[in-house]
Amino acid sequence: AGRFSGPDSRAWAILAGTGLRLLFVASGVLAAAEWAGWGFRIIGVWAVVFYLFTLAVETRLLLKSHAG
């Protein structure tokens, strides 16, 4: 059993992944609003799509590390 194994480390990994995902999405939304001049509706759609994409990437990485 390594230092980073067990239920506590898995919970921390999920929490860290959620925090990073929110940080990336918020940064992207702010950048789009500031530099691209997009309207509220398109920024909302972009935020949802980007959030779901990053969630899928994180889920795939977690499942891949759990399987092997």
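Predicted model: local features only at pLDDT ≥ 70, side-chain atom pairs only at ≥ 80, totals over all residues.

Colleague: How many helices and strands does the protein have?

Modeller: The protein contains zero strands. Its helices number two.

Colleague: Is I42 buried, partly exposed or exposed?

Modeller: I42 has its place in helix α2. Its relative accessible area is 43%. Because this value falls between the limits of 20% and 50%, I42 is partly exposed.

Colleague: Which residues make the nonpolar surface patch of about 360 Å²?

Modeller: I42, already described as partly exposed, is one of the residues of this patch.

Colleague: Is T54 buried or exposed?

Modeller: T54 also belongs to helix α2, which covers residues 40-67. Its relative accessibility is 15%. Since the limit for this class is under 20%, T54 counts as buried.

Colleague: Which residues does T54 touch, not counting those up to four places away in sequence?

Modeller: The side chain of T54 reaches the backbone oxygen of Y51 at 2.9 Å. With residues up to four places away in sequence left out, T54 touches R21 and V25.

Colleague: What percentage of the residues in the protein is buried?

Modeller: The protein has 68 residues, and T54 counts among the buried ones. The buried share of the protein is 13%.

Methods:
Residues numbered from 1 in each chain as written. Heavy atoms only, no water. Helix = DSSP H or I, 4+ residues; strand = E, 2+ residues; numbered from the N terminus. Buried < 20%, exposed > 50% of the residue type's maximum accessible area, 1.4 Å probe, protein only. Polar contact = N/O pair within 3.5 Å; in protein donor to acceptor, adjacent residues only side chain to side chain. Contact = heavy atoms within 4.5 Å. Patch = residues over 30% accessible without salt bridge, like charges linked within 9 Å, V, L, I, M, F, W, Y side chains within 5 Å. Areas by Shrake-Rupley, 256 points an atom, 1.4 Å probe, with all protein chains shown as cover. Salt bridge = Lys/Arg side-chain N within 4 Å of Asp/Glu carboxyl O.
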